[in-house]
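Subject: Handing over the structure

Hello,

Here is the structure I promised to pass on to you. Have a look at it first, and then read on for what turned up in it.

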Amino acid sequence: MSYDDVINYLGDFGKYQKQIYFLLCLPAISCAFHKLAGVFLLARPEFRCLLPFENPLNATYDSFPPEHWNLSYPIDDLTGKYQRCEYYNTDYTTDYLETATMPATGNGTVKCSHYVYDRSKYENSAVTEWDMVCARGLLTATSDSLFMLGVLLGSIVFGQMSDKYGRKPIFFASLVIQVIFGVLAGIAPEYFTYTISRMVVGATTSGVFLVAYVIAMEMVGSTYRLFAGVTVQMFFSVGFMLTAGFAYFIHDWRWLQIALSLPGLLFMCYHWVIPESARWLLSKGRKEEAIVVIEKAARINRVTIPS
């Protein structure tokens, strides 16, 4: 008897399948956390050059009056806005700032070495901590791209491993790795560690979400597969909305990354609840283990499976 024949007796979407399906949908929320987290972790607020006379310890974005910006920052010919990556190379005396009407352009401009950020929306981010702006602005896009590369590689690697070693062990292995590297990204001392950690987290989102998705689809009958496949994406959307909520209350990017990673610990208890896919067990010839799973499902669904 094949698993499709068993489904005819168990029911396409019985009580047991509904319970396990709902539990498997929840990890989609934590995976969505990591997918959207980069928007806040790598947020780039408004910024300007720290001018030579400003003290980096107490200078703020608004501490230098905007009416003096024309004396300090050149205008970008394309945007018509002030340049944020260079300033006029001149002596910023009080007399110059208070009385001059035209900028001193004779000595050209100087590239910024330090920056001041507008912290009205974001207390900080990886961008502000490591000055990933101007010439270093490419680092932000690189980090995001490597995260998505991790998602791609994770789909391939964890998908193949789940076919070979089983859905359940790969699901939990991915979950453990996701929590560890998620926290590591939050305490990363520099850009390289952060980016590699986020890349690994990206890979594990595939290991967690896709493997959970496969387990759910394999135990649902064909009549309800379309419904089940669409509904799980709704949990992903809930995760996106909750990520914004986390970011609203947690303004420090490191604590935000850790807070978005720790919910993964809650799913560790699934080890005693989520079964291995009976369909996968039968495909590997492990009939005795498959029968145990099927019998439990039949008992909860209150049906009888012929021997």
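A residue is called buried here when its relative accessible area is under 20%. Please keep in mind that this is a predicted model.

With that cut-off in hand, let us start with Ser-72. Its relative accessible area is 0%, so Ser-72 is buried. You will find Ser-72 in the loop between strand S1 (47–49) and strand S2 (86–88). What does Ser-72 touch, not counting residues up to four places away in sequence? The list is Leu-51, Phe-64, Tyr-87, Tyr-88, Tyr-92 and Leu-97. Some of these names come back in a cluster of aromatic rings: ring pairs link Phe-53, Tyr-61, Phe-64, Trp-69, Tyr-73, Tyr-82, Tyr-87, Tyr-92 and Tyr-96.

That brings me to the aromatic pairs in general. A pair of rings is described by how far apart the centres are and by the angle of the planes. The whole structure holds 25 aromatic pairs. One of them joins Phe-13 and Tyr-21: the ring centres are 5.6 Å apart and the planes stand at 80°, so this pair is edge-to-face. Phe-13 is buried, at 13% relative accessibility, and Tyr-21 is buried too, at 6%. The rings of Phe-209 and Tyr-213 give another picture, because their centres are 6.2 Å apart and their planes are at 40°, which makes the pair tilted. Both residues belong to helix H8 (residues 191–219), where they sit four residues apart, about one turn of the helix. Residues three or four places apart in an α-helix point the same way, because there are 3.6 residues a turn.

Now for the helices and how they pack. Two packed helices are described by the angle and the distance between their axes. For H7 and H8, the axes come within 8 Å and cross at roughly 155°. The two helices are therefore roughly antiparallel, and their crossing is left-handed. The residues of this contact divide into 15 nonpolar, eight polar and four charged.

H3 and H9 pack at an angle of about 45°, and their axes are 7 Å apart. H3 is therefore oblique to H9, and the crossing is right-handed. On the H3 side the contact includes Ala-28, Ile-29, Phe-33, Leu-36 and Phe-40; on the H9 side, Val-232, Phe-235, Phe-236, Leu-242 and Phe-246 are among the residues that meet them. By type, the residues of the contact are 17 nonpolar, two polar and one charged.

Helix H10 (residues 253–261) deserves a look as well. How many of its nine residues are buried? Eight are, so the helix is mostly covered. The buried ones are Trp-253, Arg-254, Leu-256, Gln-257, Ile-258, Ala-259, Leu-260 and Ser-261. Their cover includes helix H3 (27–41), H5, H7, H8 and helix H9 (225–249).

Val-179 is found in helix H7 (residues 167–186) and counts as buried at 7% relative accessibility. Leaving aside residues up to four places away in sequence, Val-179 touches Ser-261, Gly-264, Leu-265 and Met-268. Arg-136, by contrast, is 43 residues from Val-179 in sequence and 29 Å from it in space, C-alpha to C-alpha.

Finally, two backbone details. Most residues other than glycine have a negative phi. Cys-134 has a positive phi of about 55° although it is not a glycine. Cys-134 lies in the loop between helix H5 (126–129) and helix H6 (138–165), and with a relative accessible area of 24% Cys-134 is partly exposed. Arg-302 has a positive phi as well, of about 60°, and is not a glycine either. Look for Arg-302 in the segment after helix H12 (287–301); this residue is exposed, with a relative accessible area of 78%.

Enjoy exploring the model!

Best wishes

Notes. Residues are numbered from 1 along each chain as its sequence is written. This is a predicted model: local features need pLDDT of at least 70, side-chain atom pairs count only at pLDDT 80 or more; totals for chains, interfaces and linings use all residues. Side-chain values use heavy atoms; hydrogens and water are left out. Buried means under 20% relative accessible area, exposed over 50%, partly exposed in between (1.4 Å probe, protein chains only). Contact means heavy atoms within 4.5 Å. Rings of Phe, Tyr and Trp (its six-membered ring) pair if their centres lie within 6.5 Å; planes under 30 degrees apart count as stacked, over 60 as edge-to-face and the rest as tilted. Axes are lines fitted to C-alpha atoms, for helices over the stretch in contact, and angles run from 0 to 180 degrees between N-to-C directions. Angles under 35 degrees count as roughly parallel, over 145 as roughly antiparallel, 65 to 115 as roughly perpendicular and the rest as oblique. A crossing is left-handed if the near helix is turned anticlockwise from the far one by less than a right angle, and right-handed if clockwise. Ala, Val, Leu, Ile, Met, Phe, Trp, Tyr, Cys and Pro count as nonpolar, Asp, Glu, Lys and Arg as charged, and the others, Gly among them, as polar.
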